[in-house]
Amino acid sequence: FNQDDPNGHYLLDLSKPQEYQLAVKLLSLRRDQGPECMLNTKYNNEYLYISEQMQWPKRMPEKGIFELDFLSSKRVGSEVAELPADMFWVLWGCLDHRSMVDDSRLSLLQMLCTTAYFSCTQAATMISSFSWSGLMKQEAGFALFGRLCDPQNLHMLIDCMKEKEQDLFMDRLGILGSFHPKNPTSCYSFNLQRQVDASVMFRLLMIFAAQFDLDNSARCFRNTRLNGQPISIDIPTGLPGAWVPPRHGKLEFDFV
């Protein structure tokens, strides 16, 4: 457990004092960062919604298995750089070695995610080294997500998975509850400090750019507000006069 980078999957036995205290720390972070940072919570293998009325951790049981995914609401800072190319290709040589099984690949990748940051291209390359589809790729993607320097390119990571894997991965991140790339029309409210929210926002900007290429009169963002103030997103990112997404603030809009 790293207080500064707590992202990961946890399976905690509350009867063990050390694991109980870790659960208390994670719940304290949830209180500080918001409930959306704690996903897929289970108690004794049954899905659990942690409400205020439960008064966890004060009244948390002292036995039982508490399982969760923690995804910090803190977005990777702009000062963070991806792993240098020469170091990455040394790492790739280890991950892609024929003698290494997927369990070992995942353990190595999770260890590296405690110290290094990656581009989405690098992350996709690593995920493609896994021999089997399904859970291992999903676990690898989840471990890498909080260490991505360029969430605007998340599609590169997602595209290296099969369609069912993509849905499972986005569902685990909590994305599918509000966004699906096949039908993105919806009302959105994003906290731009969150890595997940920023990733979805950039994906919507890409969809807008594709529509704009087909029809320059396309206006996908409607009723757009940043911190309560009206703004216009009428030109796709990369073109002169385009709106530049900030790293902070609350962005609300309808996407059509």
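Which kind of contact joins the side chains of D102 and R105?

Guide: This is a predicted model, in which local features need pLDDT of at least 70 and side-chain atom pairs count only at pLDDT 80 or more, while totals for chains, interfaces and linings use all residues. Residues are numbered from 1 along each chain as its sequence is written, and side-chain values use heavy atoms, with hydrogens and water left out.

The side chains of D102 and R105 meet in a salt bridge, at 2.9 Å from N to O. The term stands for a side-chain nitrogen of Lys or Arg within 4 Å of a carboxyl oxygen of Asp or Glu. Both residues belong to helix α3 (residues 102-112), where they sit 3 residues apart, about one turn of the helix. Helices (H or I, at least four residues) and strands (E, at least two) are DSSP runs, numbered from the N terminus. D102 and R105 are both buried; buried means under 20% relative accessible area, exposed over 50%, and partly exposed in between, with a 1.4 Å probe and protein chains only.

A search of the whole structure gives 5 salt bridges. Among them is the pair R194 and D197, whose closest N and O atoms are 2.9 Å apart. R194 and D197 are buried as well. In another, R219 and D234, the closest N and O atoms are 3.8 Å apart.

Next, a helix pair. The axes of α4 (residues 120-127) and α5 (residues 135-145) come within 10 Å and cross at roughly 155°. Axes are lines fitted to C-alpha atoms, for helices over the stretch in contact, and angles run from 0 to 180 degrees between N-to-C directions. α4 and α5 are therefore roughly antiparallel to each other, a label for angles over 145 degrees; under 35 counts as roughly parallel, 65 to 115 as roughly perpendicular and the rest as oblique. Residues A123, M126 and I127 of α4 make the contact with K137, A140, G141 and L144 of α5, where contact means heavy atoms within 4.5 Å.
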